[in-house]
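The sequence and the structure come first.

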Amino acid sequence: MTGIYIHVPFCAKKCPYCAFFSEQYGRKTVDNYVKAVIRNLQLYQVNDTVDTIYFGGGTPSLLTAGQISDILEACSKYLHLYQPEITFEFNPTGKRNTYLHDIHSAGVNRLSIGTQSFSDSQLKLLGRTHSVNDGIRTVETAFQVGFNNISCDLMLALPEQSELILHETLETLVKLPITHVSAYLLQIEEGTPFSQNQDLLARCLDDDQSADRYLQTVHFLEDAGIHQYEVSSFAKKGFESRHNLKYWKCVDYLGIGAGAHSCYMGKRFYVPEDVSQFCDGEHQTEIILSENPYDREERIMLGLRTVEGVPAELVKSQKIPLFQKAGYLRIGENGNISLTAEGFAVSNAVISAMI
Ligand code: SF4
């Protein structure tokens with residue numbers, strides 16, 4: 001079954017650490033953008049059944065609830081939907097009750113809320129425009145209007161993020177009615193205001209401290225019944241993201257929108273990061289990255305991001321015993337190789353050494 005990703009590359013304000021492609025919001029541009037999304041949904045003529053739809057960004061909540069409803073109606077009209085998981089990334093600022101109610105009524109059944117931290121000083125340092133209270137109220141309101149599948153984003157290894165600060169954030173998080181957590185280590189991306197802020201760089205955590213915060217998060221969430229299933233993803237049983245699992249399990253997904261990536265019908269491709277071109281073109285432009293996706297190397301790289309891992313015979317690396325002895329790898333009863341939490345903390349190095 002195929003997944004559909006709809007990219008919404010607009011933000012009200014650029015966060016100083018963010019290197020993702022996004023543009024300043026403009027009402028007329030967004031109107032044209034929504035029309036182009038709907039046009040492409042029709043033109044692709046997806047034959048396979050679709051069981052996940054994901055609105056990502058950028059900031060999808062800059063679209064009106066009516067526009068979300070129009071896109072979802074087009075999905076019903078042009079796609080073969082089967083009990084779709086419909087995820088929507090939502091930033092905890094501004095509109096809440098009515099908006100959340102309306103997108104829930106339109107069919108969105110999973111929210112991914114960009115809470116990032118439950119420390120006001122850390123949110124300020126990140127340049128986020130919401131407070132801890134905004135984050136808490138957004139999750140509670142979402143739950144009250146009927147969302148029973150809510151994910152929160154957390155950023156780890158923030159400058160000056162002590163064990164205590166992170167502990168308080170995690171304690172607040174697990175008291176909320178959530179089912180899923182996505183926890184990412186802060187990356188300082190070249191060209192962002194963060195990368196030029198010497199004062200801030202001096203306060204960043206080193207690799208050992210970052211790994212400690214990561215492992216602290218893994219163990220805390222595990223104790224709270226929120227189990228790790230991927231290097232950055234944690235869920236209560238049965239609430240793993242069906243859409244994101246497609247990326248790691250090498251299942252087709254089609255991305256629509258400027259900057260969207262796809263692995264669809266035997267091709268890996270992306271759409272240029274150009275909103276005008278996307279809006280004005282009849283069909284979105286596809287820049288091919290690979291016509292042989294999901295080869296052995298890619299299946300190892302993606303599969304080892306998951307707790308399920310990959311079959312040992314696929315990896316065939318002489319380094320396996322070494323990493324197993326170091327506590328980074330395990331071999332399950334089913335013959336799969338997977339990384340331990342300690343292995344996930346250094347996953348880039350371990351995975352590249354094995355392929
Ligand atoms: S982090 Fe999210 S809200 Fe902030 S600029 Fe990047 S895409 Fe926009």
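Two strands count as paired if DSSP finds at least two bridges between them. In this predicted model, three bridges join E16 to strand E17 (residues 336-339), and the two strands run antiparallel. Within this pairing, Leu329 stands opposite Leu339 in E17. The sheet as a whole is open and consists of three strands in the order E15-E17-E16, with antiparallel pairing. Strand E15 (310-311) and strand E16 (329-331) are the edge strands; each has a single partner strand, so one side of each is left without a neighbour in the sheet.

**Helix packing**

Two packed helices are described by the angle between their axes and the distance between the axes.

| Helix pair | Angle between axes | Distance between axes |
|---|---|---|
| H1 (residues 27-43) and H2 (65-78) | roughly 10 degrees | within 9 Å |
| H3 (residues 97-106) and H5 (residues 132-145) | roughly 45 degrees | within 9 Å |
| H6 (residues 163-175) and H8 (residues 207-223) | about 30 degrees | 11 Å |

The axes of H1 and H2 cross at roughly 10 degrees, which makes H1 roughly parallel to H2. On the H1 side the contact is made by Val34, Val37, Ile38, Leu41 and Gln42, and on the H2 side by Gln67, Asp70, Ile71, Ala74, Cys75 and Tyr78. By class, the residues of this contact are eight nonpolar, two polar and one charged.

For H3 and H5, the crossing angle is roughly 45 degrees, and the two helices are therefore oblique to each other. The crossing of H3 past H5 is right-handed. Asn97, Leu100, His101 and His104 of H3 meet Thr141, Ala142 and Val145 of H5 in the contact. Three of the residues in the contact of H3 with H5 are nonpolar, four are polar and none is charged.

H6 and H8 pack at an angle of about 30 degrees. Angles under 35 degrees count as roughly parallel, and H6 and H8 are therefore roughly parallel to each other. H6 also passes H8 in a right-handed crossing. The contact involves Glu163, Leu166 and Leu170 from H6, together with Arg213, Gln216, Thr217 and Phe220 from H8. The contact of H6 with H8 comprises three nonpolar, two polar and two charged residues.

**Ligand surroundings**

Which residues surround the ligand? They are Cys11, Lys14, Cys15, Cys18, Phe20, Ser22, Gly57, Gly58, Thr59 and Asn91. Sorted by class, this shell around the ligand has four nonpolar, five polar and one charged residues.

**Backbone features**

Most residues other than glycine have a negative phi, and most peptide bonds are trans. Two places in the model depart from this description. Gly57 and Gly58, both of which are among the residues around the ligand, are joined by a cis peptide bond with an omega of about 10 degrees. Gly58 lies in the loop between strand E4 (49-57) and helix H2 (65-78). Ala157, although not a glycine, has a positive phi of about 60 degrees. Ala157 is located in the loop between strand E7 (150-156) and H6.

Note on methods:
Residues are numbered from 1 along each chain as its sequence is written. This is a predicted model: local features need pLDDT of at least 70, side-chain atom pairs count only at pLDDT 80 or more; totals for chains, interfaces and linings use all residues. Axes are lines fitted to C-alpha atoms, for helices over the stretch in contact, and angles run from 0 to 180 degrees between N-to-C directions. Helices (H or I, at least four residues) and strands (E, at least two) are DSSP runs, numbered from the N terminus. Angles under 35 degrees count as roughly parallel, over 145 as roughly antiparallel, 65 to 115 as roughly perpendicular and the rest as oblique. A crossing is left-handed if the near helix is turned anticlockwise from the far one by less than a right angle, and right-handed if clockwise. Two residues are in contact if their C-beta atoms, placed from the backbone, lie within 7 Å. Ala, Val, Leu, Ile, Met, Phe, Trp, Tyr, Cys and Pro count as nonpolar, Asp, Glu, Lys and Arg as charged, and the others, Gly among them, as polar. A residue is near a molecule or strand if its C-beta atom, placed from the backbone, lies within 6 Å of it.
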